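Colleague: Hi! Could you walk me through this model while I have it open on my screen?
Modeller: Happy to, let's take a look together.

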Amino acid sequence: MHRLNLCKESTRISKVTVFFLFTVLYLAMTVPCAVAHKVLLAAYVEGDTVFVESGFSDGTPCKNARIEVFDPSGNKLLEGKTNENGDFSFKPPQKTDLKLVLNAGMGHRGEYTVPADELPDMPSVQKTTAEATPTLAAESRKPGKISETVARIDPKEIEVIVDRVIQKRLHPLIQLVAKSQRKTGFSPTEIFGGIGYILGLMGIGMYFRYRKGSKS
Amino acid sequence: MHISEGVLSAPVLITGAAITVVGCAVGLKKMDYDRIPQVAILSSTFFVASLVHVPIGPSSVHLLLNGVIGLLLGWAAFPAILVALTLQSILFQFGGITALGVNTVNVVVPALVCFYMFNYATRRENTFISLGSAFACGFMAVLLTSIMVGFSLVFTGEAFMGVSKLVVIAHFPVMIIEGFMTAFCVVFLKKVKPEILGVAHAPIKSM
């Protein structure tokens, strides 16, 4: 009988707290962009440049955050700061896996690794920079007398041109992918999953509590 | 308050983990097992509260609710918050597994301090004292947490005053909001279920 009372007691207590929980849950679900404290970092390679996008998972960019680039053995290759939009770009100094570490202050930190095979081959880097380095661009145009004979076009030049066009076309797509990668925050599934775990733990606790109780 | 993986140095992490283990042991020992449901529900409240983002202020901050949780749970806040933080780091990648101990300490120790400071005052009959201390409880818990975060970061090389100031300023809106929330909770509970405020420490007969 006594135990029954206790049981009733705790369920009544829970009613109040359940109300409280649902109030907070409601707030969490209705307030847009609810998550704050996770730094998301995404990077993609275009030509010879690695573009980095950063932001908190609620969509606000990590402004002026320090970003460092390491090679796999932990040597710092370079460092810089993100701009107002949380973007940063750099030219990789060597073809290795690049580990990007962003420090947004107050203990917020994000990591992203760019695998080596996404990076351009270092010797061929010079070719893909047609846009960036005018001298090369000029070179590729010099045989602009091309028109005389199509045959004179070197397959390498075609490669450069095709590469450039494809990259231009793919740019929006790449950005979209990078953005959607950044958005993987939380979902209702995870929220309810977490609450489920906690209630499961409660169940285990109650089980042992009542097993102990029934023995004595 | 979630400090990410790889930010803190080993001594800080180990100290945090050690305090958490001891705190959880004490918490589980002291916990009245008939109140497991309440502990679980407050644990899930904390789990969800971190998703409520406060848009004011220079940085993005979220609710903590450690004042209320400390007030209602006392030492049982240790296991409750450890569970919630563990799930947050697994499911949302908030904070990191290695930083779990430090994060738990940063949230629970202020909650406990506030519990001892305001537990009796909030149970007083006088509405003014009870309300005022409840507000102070919510406010202080977040303030102390911000200061402790600054403290844990100081060993990582960031200048203490700079970081602490930044964290405290960023959390100022949260302190105010939580002050009001705690006051509201205390008033509500006193009306609906006055025992709940007392049982965390020792059951008291009349209010």
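**Helix packing, hairpin and confidence**

Modeller: Let's begin with a helix pair: the axes of helix α1 (residues 10-30) of chain B and α4(B) come within 7 Å and cross at roughly 125 degrees. Keep in mind that this is a predicted model.

Colleague: Which residues make the contact between α1(B) and α4(B)?

Modeller: From α1(B) you have B:T20, B:G23, B:C24, B:V26, B:G27 and B:L28. On the α4(B) side, B:A77, B:F78, B:P79 and B:L82 take part.

Colleague: And how many of the residues in that contact of α1(B) with α4(B) are nonpolar, polar or charged?

Modeller: Seven are nonpolar, three are polar and none is charged.

Colleague: What about helix α3 and helix α4 of chain B, at what angle do they pack?

Modeller: Helix α3 (residues 66-73) and helix α4 (residues 77-91) of chain B pack at about 140 degrees, and their axes are 9 Å apart. The pair α3(B) and α4(B) is therefore oblique as well.

Colleague: Which residues are in the contact of α3(B) with α4(B)?

Modeller: B:I69, B:G70 and B:L73 come from α3(B), while B:A77, B:A80 and B:I81 come from α4(B). By class, that contact has five nonpolar residues, one polar residue and no charged residues. B:A77 is listed in the contact with α3(B), and B:A77 is also listed in the contact with α1(B).

Colleague: Nice. Where does B:L65 sit?

Modeller: B:L65 is in the loop between β2 (61-62) and α3 of chain B.

Colleague: Is B:L65 buried or exposed?

Modeller: Buried, because B:L65 has 29 C-beta neighbours inside 10 Å and the cut-off for buried is 20 or more. The backbone of B:L65 also deserves a glance: its phi is near 60 degrees, a positive value in a residue other than glycine.

Colleague: Zooming out, what is the secondary structure of chain B?

Modeller: Chain B has nine helices and two strands, and along the sequence they follow the pattern α-α-β-β-α-α-α-α-α-α-α. Buried residues account for 60% of the 207 in chain B. Of the chain B contacts between residues at least 6 apart in sequence, 75% join residues at least 24 apart.

Colleague: How do strands β1 and β2 of chain A run?

Modeller: Strand β1 (residues 39-46) and strand β2 (residues 49-56) of chain A run antiparallel and are joined by eight bridges. A:V45 stands opposite A:V50 in β2(A), and A:Y44 has A:F51 as its bridge partner in β2(A).

Colleague: And what happens at A:G47 in that hairpin?

Modeller: The hairpin of β1(A) and β2(A) has two residues between the strands, and A:G47 takes a positive phi near 60 degrees there.

Colleague: Which strands make up the open sheet in chain A?

Modeller: The open sheet has three strands in the order β1-β2-β5, with antiparallel pairing. Its edge strands are β1 and β5 (87-90) of chain A, each pairing on one side only. From one strand to the next, the twist averages 20 degrees.

Colleague: Last topic, what is the mean pLDDT of chain B?

Modeller: The mean is 83, and 88% of the residues in chain B reach 70 or more. Over residues 199-207 of chain B, though, the pLDDT is below 50, and this stretch has 11 contacts in the model beyond near neighbours in sequence. Where pLDDT is low, the predicted coordinates should not be read in detail.

Colleague: And what are the ipTM and pTM of the model?

Modeller: The model scores ipTM 0.77 and pTM 0.67.

Note on methods:
Residues are numbered from 1 along each chain as its sequence is written. Chains are lettered from A and ligands numbered from 1 in the order in which they are written. This is a predicted model: local features need pLDDT of at least 70, side-chain atom pairs count only at pLDDT 80 or more; totals for chains, interfaces and linings use all residues. Axes are lines fitted to C-alpha atoms, for helices over the stretch in contact, and angles run from 0 to 180 degrees between N-to-C directions. Helices (H or I, at least four residues) and strands (E, at least two) are DSSP runs, numbered from the N terminus. Angles under 35 degrees count as roughly parallel, over 145 as roughly antiparallel, 65 to 115 as roughly perpendicular and the rest as oblique. Two residues are in contact if their C-beta atoms, placed from the backbone, lie within 7 Å. Ala, Val, Leu, Ile, Met, Phe, Trp, Tyr, Cys and Pro count as nonpolar, Asp, Glu, Lys and Arg as charged, and the others, Gly among them, as polar. Two strands pair if DSSP finds at least two bridges between them. pLDDT is the predictor's confidence in each residue, from 0 to 100. A residue is buried if 20 or more other C-beta atoms lie within 10 Å of its own, exposed if 12 or fewer, and partly exposed in between; C-beta atoms are placed from the backbone.
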